[in-house]
Amino acid sequence: MAGSQWELPPELCCRPMAFVALTGLDVVYNAVHRAIWDAFCANRRADRVPISFKVLPGDHEYPKCRTKRTSYEWYIPKGILKTGWMNKHLNLVPALVVLFYELDWDDPQWKEKQSECATKVEIVRTSLQGRNTKVAVVLIQKKTPLPPGEDLVASERAAALCNACDLSGKSLFVLPHTDHLVGYIIRLENAFYEHAQTYYYTEIRRVKSHKEFLNKTTHQLLFVRHQFKIAFFSELKQDTQNALKYYRTAYSLVHELRAHETNMLEIKTMAGFINYKICRLCFQHNTPLDAIAQFRKHIDLCKKKIGSAELAFEHTAWMSKQFQSFGELFDEAIKLGLTAIQTQNPGFYYQQAACYSQDRKLQLSNPTNYDMFHGVSLPTPDPLETPTGGLDFYGQRPWRQGHQSIDPPDPEKEKAGILALQIKERDVPHSELIIALLSNAVAQFKKYKCPRMKSHLMVQMGEEYYHAKDYTKALKLLDYVMCDYRTERWWGLLTAILTTALRCAYLMANVKDYITYSMELLGRASTLREEQKSRIEKNLIKVLMNEVPDAEPECDPSSSTAAASLWNDRMALAGSNDFTIEVQDYVPFIQCKARFQSPSFHVDQPIQLQVFVRADCPHPVRFNKLAVSLSNQEYNQWCVVESSGQENMCLSPGATRCYNFSFVAKTEDVGKKIEMTGIEVMLGSETGRCVFLSWRGAGGDAASTHEALQAIRSLRHRGRGTEGRQELDWDSLTIQHSTMIISRVPKISVQLSHQPPALNNEMYCINFTVQSQEEAVARDVKLTAGLKPGQEANLSHTTYVTLNSSKVCDDSDPALLPDIPLGDLNPGEKMERCVYVKCVSTGQRVFLFHVAYTIDTTVEGQQINCKCHKVKENIIIVCAHICFSLKFEPLDRVAVDIPFLLMTDLLSSSPWPILLATSSLQLVTMTSKTAQLHSQLEQVVLQTGECASECFCLQCPPVANSSNTVATGQYLISWRSPLVQTAVTLPHVILETVPLYIHAELPSFGRVRESLPVRYHIENRTALVQEVEMAVEPSDAFMFSGLKQVRLRILPGSEQQMLYNYYPLMAGYQTLPQLNISLPRCPTTNTHTLRRFLPQRIFVKPQGRQLDDASIAAA
């Protein structure tokens, strides 16, 4: 049957909505009516009630209602569901008819218009006679009505109009035509929706009432029909939960029917309809697992209900449609927000639908089943024609509609009908159906990232295009897929695809594609047998000789005849016999690898390049030209070999040929890379067809990388036992696609001599010696000497280089002297220069000495002018001549007008002894407590690692500004001979002002149990009278006499003394009793600040004893 026969009816697939008919609207000539109609149907949002509106004339004839049965006792149903029933309730029989009538409450012709309105309502009721359809009236008014109860005239006239039209008050509506028309329309819709709900509820009750008259013996079909109708009315009522329940009941009842060949199609058709509804509602309720479970159950129940074996293709067509419909439902649910996964997506259902369509096509092509109707025309009269042009019931045969018995009523008609179906099946475009389903499946698998499934189905699409004789599209799809199979090395699948592609290319007489696929089928990736490869190679040779190839096996005879004609036309064409085939992405029967023999060549060496060629075809193959293209095209002329009848241009199967090329590089290419951009092998001849096989880079193909990797692994396992083998191992041949041209090896010696390390500010001498070992004169010798570029930036600012030894380097001298001309250098001649370096900072530096010259030489008979250079680098460590550290006594800050000590430590890291001539302080703010500062390090010699210290007593006077940080000055050291003076900037110090200065007078040591007098001097350094509170803390090591706690006043600038006698009790270093001092008028000054001026500990000697004369004599 035609593909459209199995399409689901549109009234089954659409969303059922309540049908409301609108009458009395002239939407063509009345602008007000047109605005009302547009408000009902235009731009309906999802939140508005689901109603289907249709404008009908007032005297429209609705379908006549059949007489209701009062008994089903003798009634035998002719089918399950009539073909027009769903459409009737969706589009023909309304749930509500609304009459629109223009009438204002204060209309002067109220009586006449009231009568006219009642007449129109009666006409509508007459046309709906016998149906439960509701009728409502909407009055179109120009004024906005008053709130209910305020307009008494309107209330009276509304009641009168309801009586005249026999309407209830809930069926009369007023529609003011104002600016808020859409708002009134939405309120009207809601009211209409309630009336429609009532209608469908009544219809459901009416259908349910028939159940008590049915019996399961003769009325099984009616049970299914009534459950389907109740479910459909529930959908119209938007009660989807109950609809799903009744559809499930109907589905169970369908499979309880007794099935036989005459009603099998009807049962499957209705089962498919109900299954579609169930799955659609499950997806709508967001229960996709229930939908999938229902579909699987449906397929399990129906897949074996084949029916007549002569019409088995109908069953496969029906199965295909089931999978396709479910895939469409699944896809629609995904678009509405459902989430699918890789292993459960619509693509699998489209794929299965395509599989059943392919089975359907195979059933048609099976000669054992359909020999009898091939070449037979349709019977007359056509048994598929019906008087009405359609079927009365879904799923029935046109020639025996309404027949429910097991045996057909007329065997002859049955045979004629089956034959007509079989003949019509021949005209079905099976390949188009299959391709459409596969295309949908490919789109889904691409969306859910299933590349292998996508490739598999694209192969099937290509094969279907081949069977449909659309060879261009077939080749396009197969070419796309072959790339994936080559990458993943599915050689068996690739061979099958290539075989189909070769047939397509032959039938199209596409010479280039035919050659390409033939070469790959002859290659090592092909799994064809040897005799098949031999046939393909012979055909390839014919094509190269501009002859017609033999037809490919398994081609349609008529297509082969047409192809032979096309090939003859190709032979007659001139100027189209040269083809270039890029074989890098294929696996051709000729393999090619090339390599430079070294990653780099000196400019005075010939560049050597090897090209390896191998054939994998069953018979020897001859080629006429081999050419290598390089990045510098001037070298291409040296890398060409052409046939002139020699045997070496013939490739034997499995043997490897090596071709060597050599050329001399140009001196301007020194420092540049030469790359192979391509290799070209020419097959055929100018008298026939010329085919240029082109490889990008240095050869290789789609399988080379993996084969090379496998060869490396194999060599590792086998070890080195194959080193002596003479034959080349093709897989182990590596590709070297580029080489670097480097300068000629210089034949000069460069020597550097110096005495490290270099010291700061020293004019350090480096002796440079260059000697020629060339056989010719080295011309234009130039020297570049100095700091090597690329080091730290600050080094270039602290390093100076010169050739002049008569002056000391300064900032005007550079860090690098470039291109110093040295003249020519004869063979064996030696040349010396002195380079002076001055570094003003320590650290490691790399110095560069670059010698460049030119020389003439001969390479393979060619005279070239070479530029040579030699680089000598040397690392020089610059040492600090004096490393120092400054150390204050543990003072964080310095008090104003209070002496303190400054101590310097000098550490020598020079490898030689250093003579310190003198040292001095240059003070900025500080003053010295001594009359004259003399150097304590004068004429001191420091060896490596020795340290010298110097101590100064300083005092800081009050500063004029408010800054609490002042500069100390510089420490000057004069060293070495001649004298070099180094200035070291001393750090700044933090000042603080103390209101009270306290210091102690005490002996340098004490003795146990002997008095130790301690006098404290307390000076007031402020301009105010200071109150001082003093207290002495007790100590375990001392007893003392004096005021333990005292409060006194000290005038500005004056001094107060306090005397204490300490009595030591223990020997050793002992902590003195702590003196706590507080200044009430200076709360910011604490005891710790003042206590740091006092000594904390004192050494106590043991108690002495008197020695008598006897002891002395004994000693």
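## Exposure and placement of A572

A572 is exposed, with a relative accessible area of 64%; exposed denotes over 50%, buried under 20%, and partly exposed the range in between, with a 1.4 Å probe and protein chains only. A572 belongs to helix α21, residues 557–572. Helices (H or I, at least four residues) and strands (E, at least two) are DSSP runs numbered from the N terminus. Between the C-alpha atoms of A572 and N30, which lie 542 residues apart along the chain, the separation is 73 Å.

The model is predicted: local features need pLDDT of at least 70 and side-chain atom pairs count only at pLDDT 80 or more, whereas totals for chains, interfaces and linings use all residues. Residues are numbered from 1 along each chain as its sequence is written, and side-chain values use heavy atoms, leaving out hydrogens and water.

## Overall dimensions

The protein chain contains 25 helices and 46 strands. Its radius of gyration is 56 Å, well over the 32 Å that the globule rule gives for 1115 residues, so the chain is more spread out than a compact globule. The radius is taken over C-alpha atoms, and the rule is 2.2 Å times the number of residues to the power 0.38. Along the principal axes, the C-alpha trace spans about 165 × 115 × 75 Å.

Of the 1115 residues, 46% count as buried. Among contacts (heavy atoms within 4.5 Å) between residues at least 6 apart in sequence, 74% join residues at least 24 apart.

## Nonpolar cores

A nonpolar core is a set of buried Ala, Val, Leu, Ile, Met, Phe, Trp, Tyr and Cys residues joined through side-chain atoms within 4.5 Å. The largest has 191 residues, and I274 and L626 have the most contacts inside it. Helix α9 (residues 264–284) supplies the largest share of this core, 12 residues. Apart from neighbours within four places in sequence, I274 is in contact with V224, F228, Y247, A250, Y251 and V254.

A second, separate core comprises 28 residues, including A1000, Y1016, C1082 and L1090.

## Strand β7 and its partner

Strand β7 (residues 590–596) is largely enclosed by the rest of the structure, because six of its seven residues are buried. Seven bridges join β7 to strand β9 (residues 606–615) in an antiparallel arrangement; strands pair if DSSP finds at least two bridges between them. The bridge partner of F596 in β9 is L609.
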